[in-house]
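Biologist: I have a model open and want to learn how to read it. Can you take me through an interface and then a single residue?

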Number of protein chains: 4
Amino acid sequence: MIKAGIIGSTGYAGAELVRLLVRHPEAEVVWYGSHSYIDQKYADIYRNMFQIVDASCMEDDMDALADSVDVIFTATPQGLCASLVSEEILSKVKIVDLSADFRLKDVAVYEKWYGITHKSPRFIAEAVYGLCEINREKVKGARLIANPGCYTTCSILTAYPLVKEGLIDPMTLIIDAKSGTSGAGRGAKVANLFCEVNENMKAYGVATHRHTPEIEEQLGYAWGQPITVSFTPHLVPMNRGILATEYASLKPGVTADMVRAAYDKYYEKEFFIRVDHQGRPVETRWVEGSNYVDISYVIDERTGRIIMMGAIDNLVKGAAGQAVQNMNLLFGLPETEGLDQVPMFP
Amino acid sequence: MIKAGIIGSTGYAGAELVRLLVRHPEAEVVWYGSHSYIDQKYADIYRNMFQIVDASCMEDDMDALADSVDVIFTATPQGLCASLVSEEILSKVKIVDLSADFRLKDVAVYEKWYGITHKSPRFIAEAVYGLCEINREKVKGARLIANPGCYTTCSILTAYPLVKEGLIDPMTLIIDAKSGTSGAGRGAKVANLFCEVNENMKAYGVATHRHTPEIEEQLGYAWGQPITVSFTPHLVPMNRGILATEYASLKPGVTADMVRAAYDKYYEKEFFIRVDHQGRPVETRWVEGSNYVDISYVIDERTGRIIMMGAIDNLVKGAAGQAVQNMNLLFGLPETEGLDQVPMFP
Amino acid sequence: MIKAGIIGSTGYAGAELVRLLVRHPEAEVVWYGSHSYIDQKYADIYRNMFQIVDASCMEDDMDALADSVDVIFTATPQGLCASLVSEEILSKVKIVDLSADFRLKDVAVYEKWYGITHKSPRFIAEAVYGLCEINREKVKGARLIANPGCYTTCSILTAYPLVKEGLIDPMTLIIDAKSGTSGAGRGAKVANLFCEVNENMKAYGVATHRHTPEIEEQLGYAWGQPITVSFTPHLVPMNRGILATEYASLKPGVTADMVRAAYDKYYEKEFFIRVDHQGRPVETRWVEGSNYVDISYVIDERTGRIIMMGAIDNLVKGAAGQAVQNMNLLFGLPETEGLDQVPMFP
Amino acid sequence: MIKAGIIGSTGYAGAELVRLLVRHPEAEVVWYGSHSYIDQKYADIYRNMFQIVDASCMEDDMDALADSVDVIFTATPQGLCASLVSEEILSKVKIVDLSADFRLKDVAVYEKWYGITHKSPRFIAEAVYGLCEINREKVKGARLIANPGCYTTCSILTAYPLVKEGLIDPMTLIIDAKSGTSGAGRGAKVANLFCEVNENMKAYGVATHRHTPEIEEQLGYAWGQPITVSFTPHLVPMNRGILATEYASLKPGVTADMVRAAYDKYYEKEFFIRVDHQGRPVETRWVEGSNYVDISYVIDERTGRIIMMGAIDNLVKGAAGQAVQNMNLLFGLPETEGLDQVPMFP
């Protein structure tokens, strides 16, 4: 059994890791780290875990963890993982960092968009961007995984084959993304109160959201040169789910068959990516609770654009599920181990 | 592998059976019955099943099913199962009926509350009321299981130990129940449209709801004589979950310890029933997606009443989960097989 | 024009007062009091007021207010109004207190249920309980109005005629109430985050909720002697609305006609109370945004009980609307002035 | 008093017309037309109208209506108004058509996108597109008003000043719109059931939605030549509200001041349009229940694009409110008469 420790186990992403790992056949959680609930029973905070998890929360102590576990998940705000990691720790344990600390290769870009100084720039080069379907082989040998952001996972995977194959002009790419509220975390903020979110829809972080450079970097690798995209996230009155609606101009001469072939080339054998070539719009409800990415697209002859749509569960493929998928790769397990949840509807 | 057929697989309860059975280690669905979607791919109706279920819907043909499967689940409106079942069928196959047809032992009561003539009264005596925690042993040897109603499962289990042990006066029992909207089914009715249900709360079926005699019959067995209860269901703007708030006068001299002991006597060893003796109100979110029943209670010295609270997922323990639990008992499997879903939150 | 000041104008009840008063033909808000947002533009906090309210927030200074306005609304937590009010202030200005400070005549009961020392017990006797339909005449001549609680307004009005006329046994009264989340206020608490409330239903304050003694006191006046009730509030995933489902045993010999006559006697001429004698369950959506109280009832011959149902908008009739109704009475205006909003659906 | 008749008064848009008109100081509804509920009391269908509207539903008989009323509102599906209108009717009565029948000047475009034959093409030229802020003077003298679509109202007004002033390249315009579910109407369809919409987000009508040509036609007038846009609507789990997020490339040399000046030029004096030049994203909650259009924008230097955001209540400014605004103009009333509802939050 793989011994897992979670730093930040009492946030929504941490709790989702717990949900997945307590039923994982090859892993067990031995350290429920928390900043706010030390010594409280985990099941008193997340009462769905009553009679399932008996442990109490422990400190977010990475040094102690490194001696106790095989893999550490950091489900914490940006900055924390970078401030704790060290060569000694990495020599003992694998780290899957769910924060943004090691996602961007250019430390200046990180510091500009996040507004903080990076505490461990020396590990950035080594860190592997854990978008499993794209970087599978690199993940297998890594010590430090930068687990992708929720919006970015959905945004990148939806457009990746067309960028990679050069079928769209990536400089025309506009990503209009919509997220359930769990993406905003469990912090007590007025803006996230039920009455503020319910019966409302809004954009936020317009032209400034931090997932923008992450999308640009990864799609830039696919394209072969830097790209700039418009990315606008929106808050939706639902708990889970991200929907990305992406617009781009098709290159001249690109046909529906070429688009289909591109998606098939990269995704036909992927267990977690389901492409619907009939153009039926994807819906977040069809992936809820699962690690699937649903993708469909419509070619609009009138405008010469393709509208690509992607849907994920932000807490699973957008966070904890992908983290477990990375763990499976790191430890040589089948990639789908413990991740075969059927999407729950309604 | 147990071969299972589902009559009514395209309703919400049927779809939940599919969700549970496709990951059940000892069962497989070989017949996706449907009245409305014959020959359509199941995954085109429930697109969460894309690349998971490849089958198309077939007729709701119980005779044909009886020759093809080991167990038939009927997830259909009242009347259908009773109109289809026969001695020949029961000689070939087990039936778990999710409708109300075989729940009430007194056919006159059935016909009065449901307003239809019972088509197979000869099987009523044989049918076992499949509330597993109460009737476990009877279920094991049965051919025909009457799977309990959603409200009734929650209402009965919440009060059962106190009625059985004579700690409350059952004639004072008032059950105020609240349900998510999936309990209303997938029929296209104005009253169940999003805009009609959202931002609204209402009672319905006041003093006339059909689950009333079912609760009265089962709690009457526990009490040893007939009882009459007030039962009021309410519709809540959420997808899943039933909450029952139950009020009853404690018998003179009953103490908190006696209440605790009664719950422990019947439920301490039950995997799916979680009793919180601290009196923290149960919440539907803590059982969502799982087969758990959460129960807590508060003794109110001022009024001499006890307020009992129970929560279930109406589609799992209130329908499909309990049906699978019954199937497990029928086929000698561990009762929890395929039913260890961790409640999903948020 | 009546000059109005609001202490606590940036909570949900305060904001609803603003919504109603800015369109009131005989009143204007001249003081937007706030503890947290002093000097900020009101319309920056509640952006629905953009280009409608130009004022900035001011301190919650009751002395200064008393010299500036004709009526002060205190939409603040319990304790504040009692700590600020004085004889001098009451000699200058009318006060409508939306908190609980002056609702209970017995200061010991207040201090027990609220757990705080009352700072101005000398004004308790003078304060008039502002349930307009019951205490209309007393309100007209008052200086200090104790605006009723949201749950209590709904709970009392639903049962009042039957208690007053002696048609039910009030000692059997059980009130199961359900409220939208705006009743929990705008404080930043984890328990009220969108993801915690959405897709969930729970009771809270079981046997201990502070509105209990308020209901008991007022219905005790109607009955003529003290009564004890069970009152259980529940949190519902919707913004607005309270639904009270109330159970009581009918006195022997009470007929449907007698029940109807009792409701008509007290409510037939009331503009804001709408009684449906057909027994159709009331729904919160039919009163949303308005000052109406909808009431219906079902007599259950089987159990000898009557099930009464009442619905209000907790922010209007349960708070700000009733406060304006009290203001209208205090200043000799038509009681419905500025309160003729049609319920908004969907 | 203006006598108003409503054809289709029992749909959501029709019911919103009733809500607005029953409190309109200069109008009264004298004919509640309905296809499905003839002879039923209106207040039995919309119980918010209990004790407010006493009338019963009548046939959707435009000839009879023309002799009884001053203005007819047709809140019906496309095709009906065109099939009923005649020269004789228009000689007697004003018509405000909330359907799409007279919005598009090119009948071929109408027939292509709507898939039906236009029954009254002879009135298309005469009909005035009732987007009041743009076509105010034309509306005043019209007999037949084509009340704009909900998405189109929001989409056009959000971009209009920049198109009109030539500050953006309209061929780059991409409109990603999100709507509450009331926009889907009150028809009993599985896709609009609570459990299908709740906890879900999806696009629909991708590249084929019928509001596309309406947007293109109107913005084409502003631009001076035909334009083509990408328009994608989405369904959001909320009752009311449309949010349009619009992307376009700024023309070279366009500054923030020029953008601001363009918005001010057209909207500074408009009562119902509120432009926030600070770039705070608009939110549907801030306009709910009101006739306001909220607009804000962000200039993204990185991409050279401007992101414009607009929010309306789809049932008010997107349907019934704008219809009343048109009625006010037609009858020489102040444009805001009966339309000063303050947005209701929460």
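**The interface of chain B and chain C**

Modeller: Between chain B and chain C, about 4,000 Å² is buried, and carbon and sulfur atoms give 55% of that area. Buried area is the accessible area (1.4 Å probe) that two parts lose on being put together, summed over both. B:E199, B:M201 and B:R302 supply 17% of what chain B buries against chain C, more than any other three residues. This is a predicted model: local features need pLDDT of at least 70, side-chain atom pairs count only at pLDDT 80 or more, and totals for chains, interfaces and linings use all residues. Residues are numbered from 1 along each chain as its sequence is written, chains are lettered from A and ligands numbered from 1 in the order in which they are written, and side-chain values use heavy atoms, with hydrogens and water left out.

Biologist: How many residues of chain B are in contact with chain C?

Modeller: Contact means heavy atoms within 4.5 Å. By that rule, 48 residues of chain B are in contact with 48 residues of chain C.

Biologist: How many salt bridges are there between chain B and chain C?

Modeller: A salt bridge needs a side-chain nitrogen of Lys or Arg within 4 Å of a carboxyl oxygen of Asp or Glu. The count between chain B and chain C is six. One salt bridge joins the side chains of B:E196 and C:R285, at 2.6 Å, N to O.

Biologist: Is A:R19 buried or exposed?

Modeller: Buried means under 20% relative accessible area, exposed over 50%, partly exposed in between (1.4 Å probe, protein chains only). A:R19 counts as buried because its relative accessibility is 9%.

Biologist: What does A:R19 touch?

Modeller: Leaving out residues up to four places away in sequence, A:R19 touches residues including A:M49, A:R240, B:V342, B:P343 and B:M344.
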